[in-house]
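Please consult the sequence and the 3D view while reading.

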Amino acid sequence: MSATNALETPTFLVQKLDAYYGSLHALRGVSLSLERRAVTALIGPSGCGKSTFLRSLNRMNDRVEGFRLTGRVSLDGQDIYAPGTDVVHLRKRVGMVFQRPNPFPLSIFDNVAFGPRIHGTSDRGRLRELVEHSLRGAGLWEEVKGRLNASALGLSGGQQQRLCIARTLAVEPEVLLMDEPASALDPASTARVEDLVGELRSRYTIVIVTHNLQQAARVSQHTGFFLSGELVEFGPTDRMFTAPQDKRTEDYITGRFG
Amino acid sequence: MIDWTFLTTKPKAVAAGGGIGPQLFNSFYILLLSLLVSVPVGMGAGIYMAEYARPGHFTEAVRLATEALATVPSIVLGLFGMLLFVNYFRLGFTILGGALTLGLLNLPLLVRVTEEAIRQVPDAYREGALALGATPFQVVTRTVLPAALPGLVTGLTLVAGRALGETAVLIFTAGTSASRHLFDLNPLAGGGTLAVHLWATFSQPVVPDAARIEAGAAAVLLLMVLFFNLAVSLPAQIWYRRRTGKR
């Protein structure tokens, strides 16, 4: 794919997505496209389907018993739910950062090197390069460069979350999915993660689920508002927060419910 | 009382001054052989039950069978082992028959302990590894099993302690006599272990120094369980600490 072409096509194109957990209808006819090298925020009250949507993009929901999905989700034109799709390869291209920092009970170095190692990189020098590069990318290098062999579990919550981001970057993904990445962090760490999202935007397509409306306004270029499994409104972030088209969006962002 | 001669010489049939050499060797040899059988099967089943099994008839059947096996009194299992290995396969009282029956005795405990240890591993580790593009197999081998290691080692030491002290199962399958050669690796040799020797000496005190042998054997039994546990758990702990990084 040529560079110009890559810039024109959306990274993800989602068409008429319906998702179910058993009999629970979690997503209803969601269609949207995610722009390349931009941050898309997904907002909405708890249980509105935004996390389900996010986890549909790297097929993390496949793990859930009774999960079903109809519609089409395509990444660079390829239907990721087509039979024969290499889910492992998909997840390598579409990285994910979770709500609670979940570093492995390993050293800082081994956490970041985990991804490259499972994908076959064993050269010590190459790993060291990747680890430094990823930790720098996640804005953590200066804080941990002297103790790469220390346990990752000894880091603060905010550092752990940036370590998890570094761990994801080390696999060199194209898309970053972030599921409320700052909701378990203190305000200072939250600000650091938000700055980081702003820096990563130039290289990655980022989708961030958040409960924090100010955060969505600060970091994203596009915002989608979910309610009861429906995508009520989707558009440029500044318009969403200044002139929402839908009454329900307006009620939500002005704090009348949710 | 416990000196090198006692630990390395053969028992005497009627005279005083016998040792426990072959019995000591048999205890560890039978333990090793039984673990060779029960660890792959038991831990494999535990991993399967915790990581892969979907609720259903098959899973329920495996669980029921495991629990049923766990409740069989060891002496009944010993009789079963005798019918199968000693009589049906005409092996006689052997190290092999004893080790296999002992493996059967330890199987349910191993399955249970492994399953528990693996269920203790936070799901966040699995999700983290999957999200990095790990295959389900890599998730188990690189994330789940290392994180479950302390629990697995506990299970192994529990099983080994029980195996080293077991008598009922072994009396009927490995027998009470040991090979005339010291360190006889032939699995078809007689498999009298230290615990069984202690019982046999106590129930038929033919030798004049039976009391000395009983006391010595009992002390050595305790020490070897301690020794085995340390030999397994210390290296595991060192490996685990090194792997998880300095705190």
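The structure is a predicted model, in which local features need pLDDT of at least 70, side-chain atom pairs count only at pLDDT 80 or more, and totals for chains, interfaces and linings use all residues. Residues are numbered from 1 along each chain as its sequence is written, while chains are lettered from A and ligands numbered from 1 in the order in which they are written.

**Chain B overall**
- Chain B contains ten helices and zero strands, where helices (H or I, at least four residues) and strands (E, at least two) are DSSP runs numbered from the N terminus.
- The C-alpha trace of chain B spans about 70 × 45 × 25 Å along its principal axes.
- Of the 247 residues of chain B, 42% count as buried (20 or more other C-beta atoms within 10 Å of the residue's own, with C-beta atoms placed from the backbone).
- Among contacts in chain B between residues at least 6 apart in sequence, 75% join residues at least 24 apart; a contact requires C-beta atoms, placed from the backbone, to lie within 7 Å.

**Helices 4 and 5 of chain B**
- Helix 4 (residues 74–88) and helix 5 (residues 95–119) of chain B pack at an angle of about 140°, and their axes are 10 Å apart. Axes are lines fitted to C-alpha atoms, for helices over the stretch in contact, and angles run from 0 to 180 degrees between N-to-C directions.
- Helix 4 and helix 5 of chain B are therefore oblique to each other, since angles under 35 degrees count as roughly parallel, over 145 as roughly antiparallel, 65 to 115 as roughly perpendicular and the rest as oblique.
- Helix 4 of chain B contributes Ser74(B), Leu77(B), Gly78(B), Gly81(B), Phe85(B) and Val86(B) to the contact, and helix 5 of chain B contributes Gly97(B), Leu100(B), Thr101(B), Leu104(B) and Leu105(B).

**Contact between the chains**
- Chain B gives 19 residues to the contact and chain A gives 28 residues.
- On the side of chain B that touches chain A, two or more residues come from each of helix 6 (123–131), helix 7 (136–165) and helix 10 (210–244) of chain B.
- Helix 6 of chain B supplies the largest share of that side, six residues.

**Nonpolar core**
- The largest nonpolar core has 132 residues, and Ala166(A), Leu177(A), Ile206(A), Val207(A) and Ile208(A) touch the most other members. Such a core is a set of buried Ala, Val, Leu, Ile, Met, Phe, Trp, Tyr and Cys residues joined through C-beta atoms within 7 Å.
- Leaving aside neighbours within four places in sequence, Val207(A) is in contact with Leu34(A), Thr40(A), Leu42(A), Leu54(A), Leu57(A), Leu177(A) and Met178(A).

Methods: Contact = placed C-beta atoms within 7 Å. Buried ≥ 20, exposed ≤ 12 C-beta atoms within 10 Å, placed from the backbone.
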